[in-house]
Amino acid sequence: MKIIPFTFVAAFLSPQFLINFVSVNSMSLATPSSSSSSSREMSRVAAFQTSKQIGQTLDPCVVLMKDIIAKHAKKWEDKGDEIYSLAQGVVYWEPPKESMEFCTQALTTTDQRDTTVNANPIDGTSSSSMDVHLYGPAAGLPQLVSSLEEKLRIENNLVDVEVMITAGANQAYMNCVLTLMDKNSKAVVFAPYYFNHVMAIQMHSGDESVLVGQSVSLKDEYNGIYVPDLLWLEDKLGEEESSIRMVTLVNPGNPTGVSIPYSFMEKISNLCHRYGVWLVVDNTYEHFDHVGNNKIGDVPFACLDKEHVINIFSFSKSFSLAGFRIGYLTTSRKGPGKRMYEQMIKVSSNTFKLAYNCNFTNSILKVQDTIPICVSRMSQLAALGALKAGRAWADKKVATLEFGRKRILDSLKPLSNVMGGSGAMYVMGKLPENIDDVVSLAKDKVSI
Ligand SMILES: Cc1ncc(COP(=O)(O)O)c(C=O)c1O
């Protein structure tokens with residue numbers, strides 16, 4: 001089981017610019033005027049510290065699990081057993097062959113080189129996908145972005161959105177946190193939450209920025225499934241001094257394993273809109289909606305097409321491209337996600353000026369340019385290959401999980417409380433009260 005800025009580019013285009021570039025850099029090498037006494041220097045040395053925020057950030061549980069398993073694997077092997085980490089959602093299948101073909105082709109094709117280095121960083125119109133060694137457009141390769149626009153329209157009912165390719169859904173989320181959050185604002189997550197979301201918020205603005213709601217079982221309307229506590233959220237949003245900037249949902253959920261019904265997603269979205277709060281939805285498991293809770297007509301997994309909603313997607317799960325680190329996010333062009341060039345405003349009858357509105361798209365490009373600059377072009381080609389294989393390919397693979405899913409749900413029936421199993425690849429069961437036995441069982445097996 002397997003379980004540019006443009007001026008910077010210009011610096012290299014003429015000798016004069018090059019001189020400017022060199023002189024600016026040598027200025028920055030000049031020794032700063034020194035007013036510090038040696039005792040101050042000493043106290044600085046004594047104070048090598050890491051940030052308060054990173055200290056408040058959870059330890060990465062997947063990494064911890066890997067360490068524990070590595071420590072004990074040998075013992076288990078000697079007993080003829082194997083040990084698997086269930087801490088990370090990993091599929092057992094390989095990526096589509098088209099992904100590998102596109103990558104191989106890019107590495108072996110040299111005659112299609114596009115020497116136009118200064119691609120437009122917003123939409124990259126002059127960039128060729130074959131130049132895998134070059135930086136690419138910040139938002140993503142145009143071929144991939146336009147293929148995704150089509151996919152999003154057909155499969156997710158997202159009709160007019162701005163797309164940004166990221167190094168996985170995790171980077172997409174971090175981009176959102178860095179773009180939306182102030183140091184003193186708060187972000188809502190619902191327990192049980194996806195640990196990296198909480199870690200992203202903690203490392204940005206500390207633990208006090210994380211507001212945790214619970215998941216509640218809605219007996220009447222939603223057949224007892226666990227969904228985020230809407231009443232609690234309304235209370236929190238309504239508080240006079242609420243500094244909530246964003247609410248995060250994962251659908252289908254990790255680790256809840258719940259496929260949240262579309263009508264419930266709409267309720268949360270309306271609530272967030274009423275209070276002017278961003279809603280960030282992580283759809284990493286869009287292909288794993290086992291009960292079709294988000295299927296609307298011909299649309300297999302409908303997402304919220306609203307001006308305040310940011311949707312996040314990943315190629316890591318259904319297309320098994322986790323190691324390629326590729327995902328994307330979308331914002332609505334109807335609202336704050338408008339393109340920069342659409343921000344040209346009329347000053348007089350025939351004069352326009354560029355308005356540097358702090359809209360989401362412009363702002364998030366700053367984050368993108370600072371962190372990955374652009375996502376690996378090779379990974380983007382692998383993603384293009386996955387889109388060529390398409391949703392039908394992914395559906396077929398996901399269908400192979402059905403037998404195991406049903407068996408696990410059947411075997412958990414004796415438990416009084418089971419959450420999930422309807423989406424993603426997770427299910428949680430409340431263990432009987434004699435929890436000590438379970439702990440000692442784990443201790444015995446793993447000797448921790
Ligand atoms: C909810 C959720 N979001 C994001 C990720 C990470 O996705 P990616 O590999 O695209 O960064 C995972 C992986 O387990 C996940 O479960």
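Q: Which helix gives the largest share of the shell around the ligand?
A: Helix α8, residues 168-180, does, with three residues. Helices here are DSSP runs of H or I with at least four residues, and strands are E runs of at least two, numbered from the N terminus. A word on the model: it is predicted, so local features need pLDDT of at least 70 and side-chain atom pairs count only at pLDDT 80 or more, while totals for chains, interfaces and linings use all residues. Residues are numbered from 1 along each chain as its sequence is written.

Q: What makes a residue part of the shell around the ligand, and which are the closest?
A: Its C-beta atom, placed from the backbone, must lie within 6 Å of the molecule. 14 residues surround the ligand, and the closest are G168, N170, N254, S314 and S316.

Q: Why is L381 called buried?
A: Buried takes 20 or more other C-beta atoms within 10 Å of a residue's own, exposed 12 or fewer, and partly exposed is in between, with C-beta atoms placed from the backbone. L381 has 28 within 10 Å, so L381 is buried. This residue lies in helix α13. Its C-alpha atom is separated by 6.9 Å from that of S99, 282 residues apart along the chain.

Q: How do you know what span is expected for α11?
A: The expected span is 1.5 Å times one less than the number of residues. Helix α11 (residues 262-274) has 13 residues and reaches 18 Å from its first C-alpha to its last, close to the 18 Å expected.

Q: Which residues of α11 are buried, and why are they said to line one face?
A: Y262, F264, M265, I268 and C272 are the buried ones. Seen down the helix axis, they fall within an arc of 160 degrees, so they line one face of α11; the arc is that of the directions from the helix axis to the C-beta atoms. The face turned away from this buried side carries the exposed residues S263, N270 and R274.

Q: Which residues of α12 are buried, and what puts them on the same side?
A: In α12 (residues 360-370), F360, T361, I364 and Q368 are buried. They cover an arc of only 85 degrees around the axis, which puts them on the same side of α12.

Q: What is in contact with I312 beyond its neighbours within four places in sequence?
A: Contact means that two C-beta atoms, placed from the backbone, lie within 7 Å. On that basis, the partners of I312 include A169, A172, Y173, V280 and L329.
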